[in-house]
Amino acid sequence: VLLDADAGFCGQLQDLRTALQASPRFAKAVRTGEPVILAGAGSAACEPAEQRLLEELQTKSLAVVPLRENGVTAWVLLADYGNSQAGSPDEKFRLLLDLAQPISAALDKARLFESEKRRTAQLVVIHSISRKISSILDFNSVFWEFAGLLQSHFHFCHISIYSLDDRDRLVLGAQVEEQSERAAIPSELLLTEDSVIVRAFKRVQTEQRNVPDDELVLEDTLLPGIKSQICIPFQHASKTVGVINIESRKHLAFDSQDVTVIETLGDYLATWVNNANLYTDIGRKANALQTLNSIGKAISSELNINNLFELIYSQVSQVLNSEDFFIALLEKGHSRIEVKFEVSDGRRRTYVRSLSQDSLVGYVMQTRTPFLVKDHFEKVYEAITGRKPHLIAQSWLGVPLILGDQALGVIVLQNIRT
C-alpha cells in the first residue's frame, strides 16, 4: 500500500533495483519490530547497500516503522523526507510511532473486510457453478461445462480436466484457454508417468507450484511459459475420479483462497460426474434391455437366417459400436467354426471364412462365457491360442450364443489397433 502526496516516491519504490531487505538495519527492523531511521552518507551506521537504496529513493533519510500483528511484522510504514533535510525531525518521527498502532489496526480491519468480501464473492461463484452444473446429466458435457464456467469466473490462462477411464489412464475430458486457439496437449496420461498431474492423482493431494523468480518458467507443464500451476484431484466415495489442472503465466497467480474454492468445486464435480455416470449407465442398460427384447421378438418371428443376422447387427450396433462385427456358428457334425455374417468398417463381407477351435472364438464357445480383452491383446491371444495374432485388436468382445447346455456360436465385436 503506497500512501504519499508525491507520486514520484511511489514510482521509485516500485522500480527499486536494490531490495529494501538489502539494508541490514531495515531487515532487522522488520524482524524485531523496532523502528529505525535510515540515514545517508553522513551517518556512521550507513552501509553501501543502504546508501544505494537511499540514492535510488532520492532521499537523505527514510523512517521505517514496522506495523505488528500477532507479534509479527505485517506491514512497514515508510516516511521519506526527500533531499531537503538530512534527517527525520524527532517530533514527526514520534508522531509516526504514535500512529503506528492505529494504522496497524485500521489496515487489519481493511484486510479482514477485503478477505470477507472476497470470500462472499467466491461463495457466490461456487453456488452459481453448482446450480448450473447440477442439472447436466450427460457425462461428456459435465467437464466442458465445468471448465467453461471456471474460466468465465476466474479467467485462468489454461484449464484442463483429466478423468480416470476403465483402463487406468487419465483421459482428457475438457480444456479451456484464454486464447481462441487451443493448445495441443496430451489426450491421455499413463499412471506410470512422472508428471505433476499424475502425482496429484496418485497422492490424492493438491500439487501447487510457483517459479522462485518472475523471470523463470516452470518445467513439466502442458503449456509453455507457465509460472504458476495447481493440480487438484477430485474424489467420490473415497475413489479418485480425476484431476483439475490449472496453469497461469502470472507469478504467484493462485493464493490459498483460490485453492480452497477450486478444491470445493472439485468435490462437487466428482458428485456431478458420478450422477452423470449413473444416468448414462441407466440409459445404457435400458437400451440393452430394449435391444435384447427386440432381438428376442425377431428370433421368434424371423425365419430367414440372413435377415435375422442383419437385425441382430442393427440392434447390437445401437448399443455397442465397433469397427468389425461378425457372427460365427459351429457347423453341426463338424468341428469347424464358420463366420456366417460379417460387417467390417461398414461393409458387409459376402464370403464365408472358417476359424479354428483354438481361436478366441473357440475359447468363448468352450467356456460358454462372455470374454472381453481391452489391454495386452497380443499376450492374451498368445496365451490362449499358442501363437501370435495377425492383427492386434484395441478391444475384443465375444458373447456366446447358447441353447440349453450347448454353444451354437459367438457374436464378436472388435476394434483393430492401427
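## Chat about a predicted fold

Reader: How many disulfides does a search of the whole structure find?
Author: Zero disulfides turn up, taking a disulfide as a pair of cysteine sulfur atoms within 2.5 Å. Bear in mind that this is a predicted model, where local features need pLDDT of at least 70, side-chain atom pairs count only at pLDDT 80 or more, and totals for chains, interfaces and linings use all residues. Residues are numbered from 1 along each chain as its sequence is written, and side-chain values use heavy atoms, with hydrogens and water left out.

Reader: Ok. Is Cys231 buried or exposed?
Author: Cys231 counts as buried because its relative accessibility is 0%. Buried means under 20% relative accessible area, exposed over 50%, and partly exposed in between (1.4 Å probe, protein chains only). Cys157 is buried too, at 5%.

Reader: And what share of the chain counts as buried?
Author: 40% of the 418 residues.

Reader: Switching topic: what's the strand order in the open sheet?
Author: Its six strands run β6-β5-β4-β9-β8-β7, with antiparallel pairing. The edges are β6 (188-190) and β7 (207-210), each pairing on one side only. Strands here are DSSP runs of E, at least two residues, and helices are runs of H or I, at least four, numbered from the N terminus; two strands pair if DSSP finds at least two bridges between them.

Reader: How many bridges between β5 and β6?
Author: Three, in the antiparallel sense, with β5 covering residues 169-177. Leu170 has Leu189 in β6 as its bridge partner.

Reader: Which strands does helix α5 touch?
Author: Helix α5 (residues 139-154) packs on the sheet and touches β4 (158-164), β5, β8 (228-236) and β9 (239-248), its direction making about 40° with that of β5. Contact means heavy atoms within 4.5 Å, and the axes are lines fitted to C-alpha atoms, for helices over the stretch in contact, with angles from 0 to 180 degrees between N-to-C directions.

Reader: Now the largest nonpolar core. Which residues touch the most other members?
Author: Ile129, Phe146, Leu150, Ile246 and Leu269, out of 33 residues. Such a core is a set of buried Ala, Val, Leu, Ile, Met, Phe, Trp, Tyr and Cys residues joined through side-chain atoms within 4.5 Å. Helix α7 gives the most, nine residues.

Reader: What does Phe146 touch?
Author: Not counting residues up to four places away in sequence, Phe146 touches Ile129, Ile133, Ile161, Ile244, Leu265, Leu269 and Trp272. There's also a second, separate core of 18 residues, including Met365 and Val410.
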